[in-house]
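Hi,

Here is the structure I promised to pass on to you.

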Amino acid sequence: NIMASLEGPTIPQLFSQLDAYGKNGDYAEGSKIATQILRQAPTDVVAFRCKAVCLVQQSKFKEALKLMSEHPKLSESLDLTKAYCHYRLNNLTEARSLLESKQSSKALAHDELLCQVLYRLEDYEASL
């Protein structure tokens, strides 16, 4: 179909490319593909999450935080990612605040990051 080829790849084709880049650890290209998906489907939570993760994997923490703050609805489930970005940027109070507000989330990664934040804040008793 000539028309389809002129329009560019479909969303499923783009997700297939995104998956391949993720598996190969090519997060710069993955980020570009996630952006292409979001142009076609601006409310796609999976593409948004992938874009945020690609930015974090490239140590682009400020850019990831900006992306998440510009799209609060799409980033509702990314509090751990937000906290990790703040932690890596040494915004420890903000990281702690995010982590402590989500105490219901008892994922191991959540607890580990909270302990690291508390330790850096020299709140040794709370980190135990």
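Let me start with a pair of helices: the axes of H3 and H4 come within 8 Å of each other, crossing at roughly 155°. That angle makes H3 roughly antiparallel to H4, and their crossing is left-handed. On the H3 side the contact is made by Tyr 27, Gly 30, Ser 31, Ala 34, Thr 35, Ile 37 and Leu 38, and on the H4 side by Ala 47, Phe 48, Lys 51, Cys 54, Leu 55 and Gln 57. Sorted by class, the H3 and H4 contact has eight nonpolar, four polar and one charged residues. Please keep in mind as you read that this is a predicted model.

**The overall picture**

The protein chain has nine helices and zero strands. Of its 128 residues, 33% are buried. Looking at contacts between residues at least 6 apart in sequence, 41% join residues that are at least 24 apart.

**From H4 to H5**

H4 covers residues 45-57 and H5 covers residues 61-70; their axes come within 8 Å and cross at roughly 160°. H4 and H5 are therefore roughly antiparallel to each other, and this crossing, too, is left-handed. H4 brings Phe 48, Lys 51, Ala 52, Leu 55 and Val 56 to the contact, while H5 brings Phe 61, Glu 63, Ala 64, Leu 67 and Met 68. The tally for the H4 and H5 contact is eight nonpolar, no polar and two charged residues.

Have a look at the loop between H4 and H5 as well, where you will find Ser 59. Ser 59 is not a glycine, yet it has a positive phi of about 60°. Is Ser 59 buried or partly exposed? With a relative accessibility of 46%, Ser 59 counts as partly exposed.

**From H5 to H6**

H5 also packs against helix H6 (residues 79-88), at an angle of about 145° and with the axes 9 Å apart. The crossing of H5 and H6 is left-handed. Here the contact is made by Phe 61, Ala 64, Leu 65 and Met 68 from H5, together with Thr 81, Lys 82, Tyr 84, Cys 85, His 86 and Arg 88 from H6. By class, that contact has six nonpolar, two polar and two charged residues.

**The nonpolar cores**

In soluble globular proteins, nonpolar side chains tend to be buried together. Which residues touch the most other members of the largest nonpolar core? Among its 19 residues, they are Ile 37, Phe 48, Ala 64, Met 68 and Cys 85. The elements that give two or more residues to this core are helix H2 (11-24), helix H3 (27-40), H4 and H5.

A second, separate core has ten residues, including Ala 83, Leu 99, Leu 114 and Leu 118.

Setting aside its neighbours within four places in sequence, Phe 48 is in contact with Leu 38, Leu 67, Met 68, His 71, Leu 74, Ser 75 and Leu 78.

Note on methods:
Residues numbered from 1 in each chain as written. Predicted model: local features only at pLDDT ≥ 70, side-chain atom pairs only at ≥ 80, totals over all residues. Heavy atoms only, no water. Axes fitted to C-alpha atoms, helices over the stretch in contact; angles between N-to-C directions. Helix = DSSP H or I, 4+ residues; strand = E, 2+ residues; numbered from the N terminus. Parallel < 35°, antiparallel > 145°, perpendicular 65-115°, else oblique. Left-handed = near helix turned anticlockwise from the far one by under 90°. Contact = heavy atoms within 4.5 Å. Nonpolar A, V, L, I, M, F, W, Y, C, P; charged D, E, K, R; others polar. Core = buried A, V, L, I, M, F, W, Y, C linked by side-chain atoms within 4.5 Å. Buried < 20%, exposed > 50% of the residue type's maximum accessible area, 1.4 Å probe, protein only.
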